[in-house]
Amino acid sequence: MAFQLLDDLVLIDDQPSVEAQSLPLQCRVSFDTNFEDRNAYVTGMSKYIEEATRHAEFNTLLREGFKHAAHLYTWRCCSRAVPMAKSNDQPNRVEINEKVVEVLNPEVEKLHQFMHFTNRAISRFCDEVKRLCHPEKRKDFVSEAYLLTLGKTLNMFAVLDELKNMKASIKNDFSTFRRSAQFLQVMSDTRMIQEMQNLSMFLATQNKIKDALKSELQLIAGYEELLADVVNICVLLFENHMYITPSERHMFVKVIAFALFLMDGDVPNVAKLDQRKRINISKLDKIFQSLEVVPLFGDMQIQPFSFVKRSPFFDSSKWPYSSVEGDRCHVNIAEKVNTIRDHHIEYVTHLSRLNNEIAVCDKDGPRSDAENREITQLLLSGIQLLCGWTSDVVETVSWKLLHPTDHRSNPECPENAEEYERATKYNYSSNEKAALIETISMIKSVQSMLGRMESTLNMAVRRHIYAELQDFVQLTLKEPLHKALKNKRDLLSSIIQSVCDTCVDNRMGQKQRQSTVGSFSDIRQARRSIAPSTTQLYMARTMTESLISERSGSRRVLKKDIEAKYVDRIANFLRMSYHWPYLLSLSETLSECCELSQLWFREFYLEMTMGRRIQFPIDMSMPWILTDYILTSQDPKLIECILYQLDLYNDAADYSLYKFRKQFLYDEVEAEVNLCFDQFVFKLSESVFTHYKQIASCMLLDKRFKGDCHALGISIRVPPYARYESLLRQRHVQLLGRSIDLNRLISQRINIAILRAIDIAISKFESEELSSIVELDGLIEANRLCHRLLRDQLGSISEFSDLFLEANHNVSVPYGRITLHVFWELNCDLISSYCYNGSTQRFVKSKYTVRKPPQRDRPPSASMQYFWGSKSLNAAFNNIYSLYNGFTGMPHLKAMARLLGYRGIAVVLEELIKMARNLINGSLRSHIRSIFNLMPKICKLPRFDYGSPAVLEYYIAHLANVGRYPELKKELCEVLRELGNIIIFCLQLELALTQEEVLDLLTAAPFTNVIPRPPELKMKKLEQKYAHIYVIYKRILSQQTAISREAELLTKERLCCGLSIFEMILSKLKEILNADTVWSGGFPTNGVMWLDECVEFHRAWSALQFFFCQPSSIAIYGDGPHWAGCTLIMLLEQNRRFEVLDFCYHLLRVHRADGKDDTIHGIVLSRMVERIRRFQLLNNQIFGTLLNYTQSVNDSGEEFFDEKIREFAPPMHHSIARDFPVSE
């Protein structure tokens, strides 16, 4: 038993079960022999064997009738597609007509076969009715199964006639064929002409089949009695819910209505039968009221009571309930779904318990009879629940199709909407759609659960049926047989003996003997999983039913010779065994119970369009309407139901191939599935991305901010919980025989969505000022968090770093879009149009700008989910990040450091150095030369004795030409601002980068075994706390270990060893300055230093600062010019000479000594001195900052100054100078 080992094979598949049962490629064994083995049961009664023969004939008729019904229903008009001869003079009219005949001849031949079949079927049915209504046969027993077969035949006639009436395209195609055949004169034979005329009349006459059947039945005396028996058995089964499939339930009602129509002929037979109490009109009236509309075939519906209304003796007063047509569906699915949900929960609970017990106890041996009985009863109740739920769905859809909405009932429905559109798209409320979705999901989920347990259930059902049947024939019938033999009731004993001989299990081959104790095998033998065949079960049930029937065909009713308690047991056996054929073919029964292909088929409405529509769009298709509603409503409890709605396409495709056997219908289903599934994946991916994007944004939103908004009555929408996890874990969704990896498809879409979100964030940054980089950093962080949340469910999503590099166009180049835009903003806007405020350490937009504002791209237009996820979240984050607009400070630089990284920062700094070189060697150099030319050759420091007013007047006189320099306060200040802004930006970027690196080190400290060193008492506790974290660092791969150690070493060395970016910037600037002597003035003439000569840069800067300290508009340039000047002085090592020889500082010292105040040339001395004092503080701050980056550190860690020290001989009188020559 090698195949049993497959049960022990564990297949790892942890995906949740949220889809319907798949249709595997398998060979289904059918034990329905259609009574071909009837002659094998020689022990049975001969009359019932003959009945089985007739039963088989009618079953064959029913199968053939279904084929014709399928052909009629799926008929598509061919005459609209074939070309027609426009006139008799057309040269190719013969060829056209020949092609028409060639194309339509096979279809017309099928119509001939259909006509002959209906005639043959009516004749055979009437012959059987005539046989059963014969005076000698009227009191004979007719089995329940046979009456149901007659009822199914009546249903077939009603369906075929309605299909023939509905299909106008059949008549059109036949007329086209007939015209072409007459033109070609291919019907020269008289018989053929007569056949064509008969077929033409058959197709043209409405209700031809019903009228022909009714006229034939009226010729049979007592036919209404037989139809009354058919009606009564249908009523009995309908009221007692003795149906397993929805088609049976609806068939009962259609048979009742059609039989009533056939009863009333020339006389009011229905009223007479009601008077004789053969039928009960009041009971029938309630049945018709409870089921106003039933499906007829496919998407065709019918009101069963309409058959009764066609009766010539119809009296509406006798039908008070059914005569009034309701304005609402008899199934309120929106309310009934609550009851269905409760039943579903209860049943799934019992089924799960049973499944767990089977999984635990299945290998201990065969189950007992009580356990098998419980399993069978649970299975039967599940099938009945499925039948009821499916009936509710089908009846709701049928009622909606028969009662389409309009613009008055539904304002959303356009006035020019199509009929099918009004019947589907606009005919359901939101509650009805949700109820249908939930009901369909419960149907498919229970079907899937039962399907997975099919092998276990089949075994239990077979053992249970075997036990019940053997107990019945060996125990229940034992005493009635003894008494019948004792009382010499030969007929009764022969029937009971036949039942026993037909069903008893005699495995040992023991010879049966007939005696006063009957013939039985030993009931103590083990139970077997052997079920009776369909013929065997039919014979047993029929013979057993004859024992308690009121009709026995003899003078004495057999029921009277059996005790009442045994009559009850026999009746109970018949009720119980009625469902056995369905339980024995469990797979087919489940498929029929849960078959919802009607929700897709639309052949009836396509016929109504008269060729205007080849097929309806998907927004009118019920499966997609329900699927789309789930995606658009965002109802959490419906999310997991979405795959069940797609299974409706599986039902339609299966029905098209295996029931209708029409390839073109399957092709249409497949085409719609291809389109709908693409839309489904697209919309589902968009919903998933939006949901997780909202979650990520809410996680990033500050809690205090949300609390303040709530206190102010401002609501920020929080995404509700959605059960996307189950859908995202689906790896093999079954759809039209395809196994689809939904996880992979959604991952691809999510990759695209995240990539587009990052691209939109960068595009938004490119359309705004540099200050928006903080918002860009927030958007990137939101997308990163969204990616991390989705990565837990979608393992095949690309790494976020790869997506970021692709969106940033930074895959194969050292700089990306962010880096380029940052530098572009620096070059075109911040460097030239912003002024630096040292107090706030911010770059602020200047009121006075030389350059025009840069032209930026338009901001991107995209949905809200590509920004922060929702309208309220967008508004919240826009308000937060609006606080960072209008300036550039440390938050912006930190964001820049995080986004650019070392490579991007290096690119930006390299370009800034180039800009600084161009400014120094270009504009600034020429301006400084001009300043030197305007200054006096020598400008000494006046003596203190002159007083501060005289000193001020002295400098005003000597520096007057510099003050009149036309570019002093415009271009020169602009150049100094740009150079200063470059220097300040590099310094601030260095500080921001350092803070980020320190934060990274602190965050990584536990993982790199860097434990804080608190007091010794807490040290051991901290070591224990971080011990399990450090294990992660030890267990990673060796290559990752090397990379991490290198990165750690680089960061530590950079912070601890003094590696500074700004220091490198200063060294580059120093190299630029040292390359030109205009800044240092060359070698001093006295061989020591320049004192009063105006040849060094610090003297030019002293002159410029003198005018900056005067009341002017220099403040509009901020601190940038001062940083530029002081940095150049510091790099030229002129800072000490500047502090000693500066004009303004000398004036300040003199004023501190005398404290005088005066107005010189309109300049208030005290105010100017106050400005000088403030500028001195600023200069000292700048020099102090620069000193930190220019001073060196020795090996011991102490600071030292690398100064060039020169030794000079003491001064000598010229008279003795020749005696002491100077050594070279």
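Which element gives the largest share of the lining of the largest cavity? The structure is a predicted model, in which local features need pLDDT of at least 70, side-chain atom pairs count only at pLDDT 80 or more, and totals for chains, interfaces and linings use all residues. Residues are numbered from 1 along each chain as its sequence is written, and side-chain values use heavy atoms, without hydrogens and water.

Five cavities of 30 Å³ or more are present. A cavity is a set of points on a 1 Å grid over the protein atoms alone where a 1.4 Å probe fits but cannot get out; lining residues have an atom within 4 Å of a point. The largest has a volume of about 70 Å³, the volume being the space filled by probe spheres set on the points. Helix α26 gives the largest share of its lining, four residues. Both α26 (642-660) and β3 (733-735) give two or more. Helices (H or I, at least four residues) and strands (E, at least two) are DSSP runs, numbered from the N terminus. Domain 4 (603-681) and domain 5 (694-911) both give lining residues, so the largest cavity lies between them. Domain bounds come from an automatic or database domain assignment.

Helices α3 (residues 144-166) and α8 (residues 246-263) pack at about 80 degrees, with axes 9 Å apart. Axes are lines fitted to C-alpha atoms over the stretch in contact, and angles run from 0 to 180 degrees between N-to-C directions. That makes α3 roughly perpendicular to α8 (65 to 115 degrees).

Conventions
Angles under 35 degrees count as roughly parallel, over 145 as roughly antiparallel, 65 to 115 as roughly perpendicular and the rest as oblique. On a 1 Å grid over the protein atoms alone, a cavity is a set of points where a 1.4 Å probe fits but cannot get out, and a pocket is an open set with protein on both sides within 12 Å along at least five of seven lines; lining residues have an atom within 4 Å of a point.
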